[in-house]
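Trainee: I would like to go through a protein model step by step. Please show it to me before I ask anything.

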Amino acid sequence: MSIEKVRGYFKTKGMEGRIQEFGCSSATVSLAAEALHCEESRIAKTLSFHLGERVILIVAAGDTRIDNAKYKAQFGMKAKMLSFDEAEPLVGHAVGGICPFAVNQGVEVYLDISLRRFQAVYPACGSPNSAIRLSLQELEEHSGFLNWVDVCKIGG
């Protein structure tokens with residue numbers, strides 16, 4: 001199970017006790033914010049895309065959506081999200097629990113600057129009812145991100 005991979009990763013860092021699991025779904029931004037009793041913007045949603053033959057993840061603030069013009073300027077092609085059925089085999093996590101931790105080899109992670117408004121955010125942990133509170137420095141460290149990007153706009 002995907003959350004077990006994430007738990008195993010955080011165990012090697014002495015952080016597995018920080019993973020929160022809920023008795024309700026946190027599979028969407030609004031559900032996660034409700035479960036965590038925080039603003040939707042503090043949910044670090046992870047979006048998955050095809051980039052030619054590559055698979056990339058963009059972690060962004062919960063109150064944003066992809067700005068197609070910015071995405072194309074950054075990556076040189078139109079945004080094409082993975083389908084529901086592609087997510088788990090290509091990323092290693094199913095929709096609702098996609099996160100930037102313990103992903104399949106070769107998956108590239110980018111962090112959107114929309115997250116920089118916050119000292120701490122809440123990404124999922126590989127299941128549709130989990131999250132972890134991380135500082136931005138911890139998110140950088142544990143996501144294995146390649147770069148900060150500006151591909152989102154607030155609203156949506």
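Mentor: What follows is a set of questions and answers on this predicted model.

Trainee: Which element gives the most residues to the largest nonpolar core?

Mentor: The largest nonpolar core has 29 residues, and Phe-10, Phe-101, Leu-115, Ile-132 and Leu-139 have the most contacts inside it. Helices H1, H4 and H5 and strands S3 and S6 each supply at least two residues of this core. With 4 residues, the element that gives the most is S3.

Trainee: How many residues are in the second, separate core?

Mentor: Leu-115, one of the residues with the most contacts inside the largest core, touches Val-59, Leu-136, Leu-139 and Trp-148, among others. The second core is separate, and Leu-51, Ile-66, Tyr-71 and Ala-79 are among its members. Its residue count is 14.

Trainee: Which strand has the largest share of the lining of the largest pocket?

Mentor: The largest pocket holds about 390 Å³ of space. Its lining has 24 residues, and Ala-27, Lys-45, Thr-46, Gly-96 and Ile-98 lie nearest the centre. Helix H2 and strands S2, S7 and S8 each give two or more residues to the lining. The largest share, 6 residues, comes from S2.

Trainee: Which residues are linked with Arg-7 in a network of salt bridges?

Mentor: Side chains of opposite charge can pair when their charged atoms come close. Arg-7 forms a salt bridge with Glu-4, with the closest N and O atoms 3.5 Å apart. Arg-7 also meets Glu-21 in a salt bridge, at 2.7 Å from N to O. The residues linked with Arg-7 in the network are Glu-4 and Glu-21.

Trainee: Why does the pair of Glu-21 and Arg-7 tie together separate parts of the sequence?

Mentor: Arg-7 and Glu-4 are both in helix H1, about one helical turn apart. Glu-21, however, lies in strand S1 while Arg-7 lies in helix H1, so their pair ties together parts whose separation in sequence is 14 residues.

Trainee: Is Arg-117 buried, partly exposed or exposed?

Mentor: Arg-117 forms a salt bridge with Asp-63, the closest N and O atoms being 2.7 Å apart. The two sit in loops 54 residues apart. Buried means under 20% relative accessible area and exposed means over 50%. At 42% relative accessibility, Arg-117 counts as partly exposed.

How values were computed: Residues numbered from 1 in each chain as written. Predicted model: local features only at pLDDT ≥ 70, side-chain atom pairs only at ≥ 80, totals over all residues. Heavy atoms only, no water. Core = buried A, V, L, I, M, F, W, Y, C linked by side-chain atoms within 4.5 Å. Buried < 20%, exposed > 50% of the residue type's maximum accessible area, 1.4 Å probe, protein only. Contact = heavy atoms within 4.5 Å. 1 Å grid on protein atoms, 1.4 Å probe; cavity = no way out; pocket = protein on both sides within 12 Å on 5 of 7 lines; lining within 4 Å. Points joined across faces, edges and corners; volume = space filled by probe spheres on them. Salt bridge = Lys/Arg side-chain N within 4 Å of Asp/Glu carboxyl O. Lists of a residue's contacts leave out its neighbours within four places in sequence.
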